[in-house]
Amino acid sequence: MTSDTLIQFALYILFLPLLGFLLLIFFGKRLPRQGDWIATGILGVTLLLSLIILFVKLLSYPAETFISQFTWIDFGDVPFIGPISVELGIMLDNLSVIMLVVVTLVSFLVHVFSIGYMQGDVRYSRYFAYLGLFSFSMLGIVITHNFLMMYIFWELVGLSSYLLIGHWYEKKTASDAAKKAFIVNRIGDAGMFVGIMIIFVTFSTFTFEKIFDSIAVGTIPFGSEAWLTAAGILIFCGAIGKSAQFPLHTWLPDAMEGPTPVSALIHAATMVAAGVYLIARTFTIMTGDALMVITYIGLITAIIGAVIAITQFDIKKVLAYSTISQLGYMVMALGTGAFTAGFFHLVTHASFKAGLFLGSGSVIHAMHEALHKKHDHQTDPQDIRNMGGLKKKMPVTYLTFLIFTLAISGVPFTSGFLSKDEILAGTLGFASVTGHYLVPVLAFLVAGLTAFYMFRLLILTFHGDHADSSRENDIHESPGVMTIPLIIFAALSLWFFYSFNPFGASSGWFYAAIERPMSVVPSVVQPVAAEVFKDAVHHAHTLAMVLSILIAGLGILFAFVVYHFRRVDADRLKNAAGPLYDFSYNKLYFDEMYDRSVVGGTMGLSNLSKWFDDTIIDGIVNGSAAITRWWSAFTGRFDNVVIDGLVNFSAYFTGFIGLILRKFQTGKVQTYIVFVIFSIIVFFFIFRTL
Amino acid sequence: MELSILGIGILTWVVFLPVLGMIVVLLLPKENGLAIRATTAAATGLQLLLSIVIFMRFDRALLGINDPDSFQFVEMYRWISVDAVPWVGRIEINYFLGIDGLSVLMVILTALISFIGAISSWNIKRLEKGYFSLYLLLATGMMGVFVALDFFLFFVFWEVMLLPMYFLIGIWGGPRREYAAIKFFIYTFVGSVLMLIVMLALYFSVTYVDPTTGEKVHTFNILMMMDPANFEPGTVLYGVDTTWRYAAWILLFIGFAIKIPLFPFHTWLPDAHVEAPTPISVILAGVLLKMGTYGLLRISYPIFPDATVHYLYPMAILGVISIIYGALCAMAQKDFKKLIAYSSISHMGIVVLGMAALNTQGMVGAVLQMFNHGTITAMLFLIVGVVYDRTGKLGLYDFGGLANQMPKYTGVVMIAFFAALGLPGLSGFISELFSFLGAFDTFRTLAIISVSGIVLTAAYMLWTLQRVFLGALKEEHKTLPDLTTRELIAFVPLAIIVIFLGVYPAPAIDLMNASLSYLVEVVRTGGEFVIIP
Amino acid sequence: MTYCIAQIPQWLAEPGLTHFLVISAILFSLGLLAVLTRRNVIMVLMGIELLLNSANINFIAFARYTTLALDAHLIALFVIILAAAEAAIALAIVLNIYQQFSTVNVDEVSTLRE
Amino acid sequence: MAEHILESISLFLPEIALTVTLCVAIIADLILKERNQNVAYVVIAGLVITTIFVLRQTGLTETIFSDMVAVDPFAVFFKIVLAVSGFFIVFFSMKCRELDANKKRIGEYYMLIVAMMLGMFIMVGATNLLLMYLALELSSIASYILAGYTKRARDSAEASLKYVIYGAVSSGMLIYGVSILYGITGATDIYGVNAALQTGDFSPLALLTAGILIIAGFGYKVTVAPFHFWSPDVYEGAPITITAFLAVASKAAGFAMMIRFFKVSFIDTALLDTAGVWDIVEGFQWNIILAVMAVLTMTLGNLVAIWQNNIKRLLAYSSIAHAGYILMGLVVLTDQGIASMMLYFVMYLFMNFGAFYIAMLISNKLDTEDIEDYKGLGYRAPLVCVAMAVFLISLTGIPPTAGFIAKFYLFAAVISAGWYGLVLIAAINTVISLFYYVRIFRNMFLIEPEGDTSKIEFSLSSKILVFALLIPTIFFGVYFRDIVDLAQASVKMFGL
């Protein structure tokens, strides 16, 4: 199979979902089954094609990069700048082909799951259409070869995310969440936009390759390394928004208002991982300082997510904060230089986190059905305090959920262990080279917390007794279309897909395929060199593995002690933690803070602007109402004339002078003659001196 | 490039077709509303057809701007020529039409928006004859501005649209129509009086030697004014970087800025929009605002390159203020139409910023933004018109949940709103992108500040979307009908253009790229250009 | 024959151009004063006559004290004639006013104003 | 001598024709008695003959009656303007219901119009100070009576009283100023005055006194501030036809006389060349005074006009403001300025008569002059109101109307002479003027009629007259080449 065929396949993969979107948006309602089979079928085909590409690429052309491009806009030879043209194109390298499979796989399975989950929804076909739009946009991000397309699809996934979060837009919380997601993402995108502006102004192109080459030969923005760092950080801003990194993470928990399969697809596995993918793509031009910023942002995010997740009761919220935390993990990994580990975690996380969400979807679906049957609309079907004991009723869901939980907690023989272990080793290595020991310490802490809150979730949901025994019998296992995807994800969460050695991924195919790219930035600002880093990681590896197993075990143990065996009363823990608990329970008050400062500030500024516009700017021209009223009392007739269209202040002013001048016209002819003589005298004296 | 029909040049046809239509409308009996409407639609439709012909036949490689030979479809007749009077030399006013890369897109836009406006005027109920004849006169005035190459002619067309607009707002407008109409009238009139002064000063400063007779001729020919060699020594605007040239530039700028409208000359716009009937809002936002920026590019830039370069930075600052301030004001509005009006201010700020960048990307972005803003805002006002027609309400909080009730409508709304907030894949993005890219090349800090505008735009657009279309449907709106075919006819071409140019903008960019690059060259070499970090 | 009652001052003994001009200026001012201060229209009209005649004095004085020809005399004659015509018209108008307003006080004839 | 007089008479035919018309009108009035409306036709016939005689004078540059009167393109141009306005006024008068109250005396009315025309014809040609004064008085005296000629006798009588007192005082000042000027120059014809002034052998103070007094006298005639006070009251009180006539013809004649007087006597002909700006005689900066007056006039006229509710009074103030614009043409001291003033008068004639005529038609039908009563008229009388809108637009100076071209050339002349400040003030004033013009057509179109909504019909002849004014107003806005040519060619005066 030649590279041309691969490119062709890639194009099919990209455009088939778009076709699906168009078909469903225009004809969806008229198609049989509202067209869900079209959408799902198309995704199945893309999955197949992606797998073909993956195998062919990794087996036949492991070290090559295929690019196909065309000139989209050609400015020609621009005066004072030189030739400018904008090329669009796609690029297939190992990174993108793996990502292709991840995206199409998750998307396909979510499509399948949705057939069950969304059955009977009012906008069923619309839902599948939007899923198609999302898949298209996400695939665009994956295979692009330039910043512009990256940005374009970046925004488009934002759009599809907006549409899907707001799927049940009759609920104000849903439309609020959708809006919030888009706007918060926009903030990050604005930063990314500025970063791209810096890049384009310097290199007059958007294409990754050309830019990397230019930097490699020493061309940097405005001749200053600081600008290069700035460009890196600004581009990373896009990732901050999309991957829900601190300080823009607040949209993701709210985004759980969308249908659960959407959360699985977009807000767990793929779109939110796009930020990580972006960092991986632009890793080459990140300076040491930029990577340091990335590391710490990731670290902070990881901790925030973990800390908040501990105290949440909404099943999806726990998963959402867990996602934030894990994304922070990946970002941090890339920042420290553990490139492969970070990306690897993206891939493994995609399957087990999508699985977790789908599992929770299955649970919510069951709860919802049960509550519906009882006409109970008060009880929240997503609150884990209303659950418990589902193990017996939903065995498949439980088992798969267990596997996912083990994976995310980093228990050996799972994919999560492989990737997390590598990341932790990376942080240790990073610390040993740079001296930033806070990074591994906190990373391990997060690992422990993750194990704890995930098992807390598992136990509260599935173990023990059901909260309300009267509805226990109404809870049933979900249908096959929902459980089969779960099983597939569960299988993918085991180690053997990635490496035959359950205690080390570095010998697997993944590590062979993905290698940390060479940094092209000027040597003075380069991050820790790959070889030095690799050495350090190698030394720390065993320690990391042992520690990680230990810490994960501790977390799991503690969760069982508190929630399963109830040796320690959860309420007492809560009281002991005191304000810390409230702090965590209230999500560290981020939303409140932003509402007061950013949202409140903007709205205040906006109202101020409106006031300024209505009162001052218009007022200068218009005369404020008060003066008008005062005058109307004074002259009686003024108001009449005001209403007659002389509201303008300038008019008011001239009108006022006119009013005075008018008084000279007394009607007495002798007064007129006095004025005339007076003027003559004035003229006389003025012009006598001239 | 020459093209004529019945011996009359195509541009004359494009400009005066609506006037022909107007004459027919005036001759039709008052009762025959359908014939009046059909005539209007036919006249503007033909205009659109001809502009498409122009688009096809337009030579993309010719430069235009200050080179009379590379203008296309040129028509030049001596209109007024007063023979040699000893103290002024010969006086010349020409009927001089022609287009280049700068104006061709505007011609197409004007024809398109005029046609769409005519379609959406279908449900005007009162005094149709008056309405449609004024409407057609307005169409002629607008088109004339974009094709005139003689300053006097430009000015005449500029003014011709003033009165129809006044009456169209004043007679067929909303409750406070009188106030809005007079405000519009006076603002614009101030601008045009300032322009008149500069025009006359230019006229007395510029002479050229007529090759056939060898005498010195005073002329209003804009192209002649662009050649510094044509300025008579000793006249007021002679020289480079003189106080008088700066003053003239500022007067012109105020005149154009009022039209754009640029902060702080913008307050007429929200009032005019709120009161104007829907088709007139469409015209106002779709075409009239562009006349300001077009005027700057056609007149201020090449005639006063020195002053232009000197004032680039203040101009960019005003652009940035407009972007952010307009967005902030939009956010605080409770009236649907007013919100869109303020969003226009914000979007036109982007045009000014792009223009001020004085490089090809920025200019292309700006002119494309002019076109895109024309189509997108036209859609937005049509959208407002749809709910206003059905409910008579404009408050943002009066609605909610329309998405379910009116799916086709909501589809159109989505396209327009997301195009307005600069979503990639729709036309607004491309032009904003290049405007900002260009601006960043010249004013780094300003460009970075202005990017915050895209966040604010997203915020108020989505908030509006939420308030009007999402949420629960109100009881009294449960019977609202979806878009009618006639409304769809107005929406669909715009939507197609918005999407097409978002996906493949090259056809539009190719039209103007050569001319605008040349304009950049002309202006930059005429003044001392510096990049401001 | 020495009835010398008093020595006539030099400036009065031989009146010159200046004297006439001063007289005419005084007359002009008096005329204006009458026009401005009198409330009776007839008196105002008499003030106007003074104005015109002060000009006449000027003309005649200039004719007398310079080498100019008879032009000035003719002008004076014309002005006198015009003054008469104007007075005739004015009086007719005053009559009309009296019929309409029953007064000849100019102050009261001021309904048209501002 | 006799030959000279005979020759002079042959060039004085227009004025003689007017005199004969005047006499015939008196006789006709006596004969026709009850049907004395027909005097109007006599007057029209007389005007036709006069116009023919005027047209035969084109191209001549002569002086007649021993330098008393000049027959030159400048005078001919203004005579044509006066004759055309005479025609219009006679037609207006035949339509005017205001005049019906005094039907029996209507013959006198036409007769007085002819007398006034005669005075104005002489004004535009006079080159002798005495003749100027006499002509001015002739037209003034006739207009004193005409101002009082109406059915609403009270206002009318008041107007004429004020007019006569004010006019007499002003003419007193004028003649006093002339007497001083005569004293210092020893000449009565303006060429002699000029020759004497160029020697510089006189007291500047005396010249200043004379100059200011003369300006006051002329200023009264052309209604420029601060000598305009009579005009609003008289314009409001006088019959509308006479108001229109005063606002256009009388002003044109006054300006013509003023231009000739200043251009001939107060400039330094030694330094006069074809290149441009004239030099004024030393000792008296009269153009600065005129500039100040121009600014005062236009500003005052516009600002006060905003407050008027009576259409006649509003148009009166508007015509004051226009006098201010026109005066700018003289201030700049160029032939181009004069040409643009002349052009302005042509355009002004049509648009201002148009506005007055429609105000009269409406007053005829609705018996009101209050602008508030115009509400919704656009729906009741569309044709007339659209025409009114065009006239008002033209008065504002918006293309494509004659008013724009007039203003355009005037501003052009001012700018080319470098008076940027002045033109800026004029531009601002143009914007201010928009307020009150707009108010009229706002009332007509933007407000729907209340109460009586029946259509108002006008007679065919009225409509024809409206079109006769409307068509030039638009035509000159689009095609103005010939009229500009004519104005520029007519700047030529005898002796320069």
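## Helix packing, burial and chain contacts

Tutor: Start with two helices of chain A. Helix α13(A) (residues 315-336) packs against helix α14(A) (residues 339-373) at an angle of about 175°, and their axes lie 9 Å apart. This is a predicted model: local features need pLDDT of at least 70, side-chain atom pairs count only at pLDDT 80 or more, and totals for chains, interfaces and linings use all residues. Residues are numbered from 1 along each chain as its sequence is written, while chains are lettered from A and ligands numbered from 1 in the order in which they are written.

Student: What makes α13(A) roughly antiparallel to α14(A)?

Tutor: Axes are lines fitted to C-alpha atoms, for helices over the stretch in contact, and angles run from 0 to 180 degrees between N-to-C directions. Under 35 degrees is roughly parallel, over 145 roughly antiparallel, 65 to 115 roughly perpendicular, and the rest oblique. The angle is about 175°, so the pair counts as roughly antiparallel.

Student: Which residues of α13(A) and α14(A) make the contact?

Tutor: Among them are L319(A) and Y329(A) of α13(A), and H345(A) and F357(A) of α14(A). Two residues are in contact if their C-beta atoms, placed from the backbone, lie within 7 Å.

Student: What makes helix α6(B) largely enclosed?

Tutor: A residue is buried if 20 or more other C-beta atoms lie within 10 Å of its own, exposed if 12 or fewer, and partly exposed in between; C-beta atoms are placed from the backbone. Eleven of the eleven residues of α6(B) (residues 162-172) are buried, so the rest of the structure largely encloses this helix. Y166(B) and W172(B) are among them. Across chain B, 68% of the 533 residues count as buried.

Student: How many residues of chain B are in contact with chain A?

Tutor: 47 residues of chain B are in contact with 42 of chain A. α19(B) gives the most to chain B's side, with eleven residues.

Student: How do you know that chains B and C are not in contact?

Tutor: No contact joins them, and their closest C-alpha atoms lie 26 Å apart. Of the five pairs of chains in contact, A and B share the most contacts.

Terms used
Helices (H or I, at least four residues) and strands (E, at least two) are DSSP runs, numbered from the N terminus.
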